[in-house]
Amino acid sequence: MNFKLMPTIAASMFALGTVGHADPTIDQYVTFSGFGTLGVVHSDYSQADFIGNVVQLHGAGYSRSWTPTPDSDLGGQANFTLTDALSSVVQVLSRDDADGNFKPKVEWANLKYEFTPDFAVRIGRIVLPTYQHSDIQNVAYALPWVRVPIEINYTDKAEYSDGIDLLYRVKTGAVTQNLQVQLGSTTEDLPGTVFTSIHANVGVFSDTLQYGYTSVHLVYQNYDHTGFPPVRLRLVGAGLTYDPGAWFVTGDSNYTQDTYFGDFFAWYVSGGVRLGRFTPYTIYSTTRAPSAGTSGLRSLGNERTVSAGVRWDFAKNLDTKLQLQQVTIDTLDDPASFANLQPGVRVGDKANVLSLALDFVF
Amino acid sequence: MKTSALIALILAVFTVANVRAEEVVVIVNPAAAPISKEQIADLYLGRSNAWIPIDQTVGSAIYVEFYKKATGRDIAQVKAIWSRILFTGRGFPPKQLPDSAAVKKAVAANPKAVGYIGKSAVDASIKVALPLD
């Protein structure tokens, strides 16, 4: 765990931000911003580590009873405005990942050209819109919960791709569609000894429809990796959010077919009520593997989680969240929320997890 | 006696509150096309690039009032929505100007600009597109 890096990055980002804002001529071309979370997680289940992201190697429960690693992160972003139509974004993120440390990584780095305000092309590194909240999963301030329910991300083989995408916004009557086609390749570290550093071709088509307070996210993604194990993954997903302001309901789902690992079906539903500065919420989330692939592994990832929490917007650009959840383990083959499974794990075991987080944007 | 004094006090407080919460109006350039309340909400929540929205200082009384009436959302919700747009490289929140006078000046100078000001600040340099009450 390399925590020493985080203050250094924070200091350098604040320094950059200060320089940028001190000079109005630079401000026209470059803007700096950032986000982060200071979190701590406790799990009462000592037979496995509860993790906050599928690639993490360690978490709370087995390794340590309390740990800051599942949710803590820090990101810094620079936006460059080159001409009216040409711009660029670079975002660096420090978060506990498949290497087991907080070494900063480039999440976004692309050049964008706008043909019209509603039609643009981007070239470079772009985060994939695989799930309703996948492009924002590290910016917890933008989420109602401590984290995106991990089950929906279980088949997440890639967070971003290096390539090209087209963004097109079209309004038909009262419905606005945000269409995105993305093609590229990805090389990412995955946990464990076998799957480390996997290279694959990725293609995504997504459509986010907005109608008043309703938003619908539809996606198709393919992911092809030749090598061992050969992965040929097809994902279809549908998500829905209704948010009139005073309350919200949201849900997401996806079905994944994978020749090697089998099929997966994951979904969650969540709702919350905004009472002044407090937003209590609940979530039910689950993932199931209805069929096995050529690997012979069965019921990969199976689990279900009931969560309840509250977000408190206590100050400008800051929130704090408290989340309690109970995860029921339905398989011995890599239940989605856990790493470091110990021999004592039994199907039907329950883990009670407490998460506290402080989220900020600047 | 005490009850009537209390009622009088409550009424006085409400009167003061009403005076303080001045009516907010959405303004556009005199040459601009009509704009609907749905379009305003889309603009200020980052769902449309059809116009150029202009903000007042984040957290100011008029900012809070405008977002509540035009979008049904509070400061933290608006910040969360724009954080998502910003940190996915899709855009920037509206430019902030310090007061109604500055907003009027910007709107008067650009037929694509949209702003919001207190009703008492309305003059001939701009036109009221939409009252929000």
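In this predicted model, the charged end of Lys112(B) sits over the ring of Trp51(B), at 6.0 Å from the ring centre, where a charge is taken to sit over a ring if NZ of Lys or CZ of Arg is within 6 Å of the ring centre and within 35 degrees of the ring normal. An arrangement of this kind is also found in chain A, with the charged end of Arg311(A) over the ring of Tyr141(A), 4.8 Å from its centre. Local features were assigned at pLDDT of at least 70 and side-chain atom pairs at pLDDT 80 or more, whereas totals for chains, interfaces and linings use all residues; side-chain values rest on heavy atoms, with hydrogens and water left out. Residues are numbered from 1 along each chain as its sequence is written, and chains are lettered from A, with ligands numbered from 1, in the order in which they are written.

Aromatic pairs were assigned for rings of Phe, Tyr and Trp (its six-membered ring) with centres within 6.5 Å, planes under 30 degrees apart counting as stacked, over 60 as edge-to-face and the rest as tilted. By this rule the count comes to 22 aromatic pairs over all chains. Phe360(A) and Phe362(A) form a stacked pair, 6.2 Å centre to centre with 20° between the planes. Phe360(A), with a relative accessible area of 19%, is buried, whereas Phe362(A), at 34%, counts as partly exposed (buried means under 20% relative accessible area, exposed over 50% and partly exposed in between, with a 1.4 Å probe and protein chains only). In chain B, the rings of Tyr44(B) and Tyr67(B) have centres 5.9 Å apart and planes at 85°, so this pair is edge-to-face. The pair links distant parts of the chain, Tyr44(B) lying in helix α2 (residues 37–44) and Tyr67(B), 23 residues apart from it, in helix α3 (residues 61–71).

Chain B as a whole has five helices and five strands (DSSP runs numbered from the N terminus, helices being H or I of at least four residues and strands E of at least two), which follow the pattern α-β-α-β-α-α-β-α-β-β along the sequence. Of its 133 residues, 43% count as buried. With contact meaning heavy atoms within 4.5 Å, residues 24 or more positions apart account for 71% of the contacts in chain B with a separation of 6 or more. Val128(B), in strand β5 (residues 127–131), is partly exposed at 38% relative accessibility. Leaving aside residues up to four places away in sequence, Val128(B) touches Val25(B), Val26(B), Ile27(B) and Val122(B), and its C-alpha atom is separated by 10 Å from that of Val24(B), 104 residues apart along the chain.

The contact between the chains takes 37 residues from chain A and 22 residues from chain B. Together the chains bury about 2300 Å², 49% of it on carbon and sulfur atoms, buried area being the accessible area (1.4 Å probe) that two parts lose on being put together, summed over both. Ile136(A), Tyr141(A) and Arg169(A) supply 17% of the area that chain A buries against chain B, more than any other three residues. Four salt bridges are found across the interface, each defined by a side-chain nitrogen of Lys or Arg within 4 Å of a carboxyl oxygen of Asp or Glu. The side chains of Arg84(B) and Asp135(A) meet in a salt bridge, at 2.9 Å from N to O.
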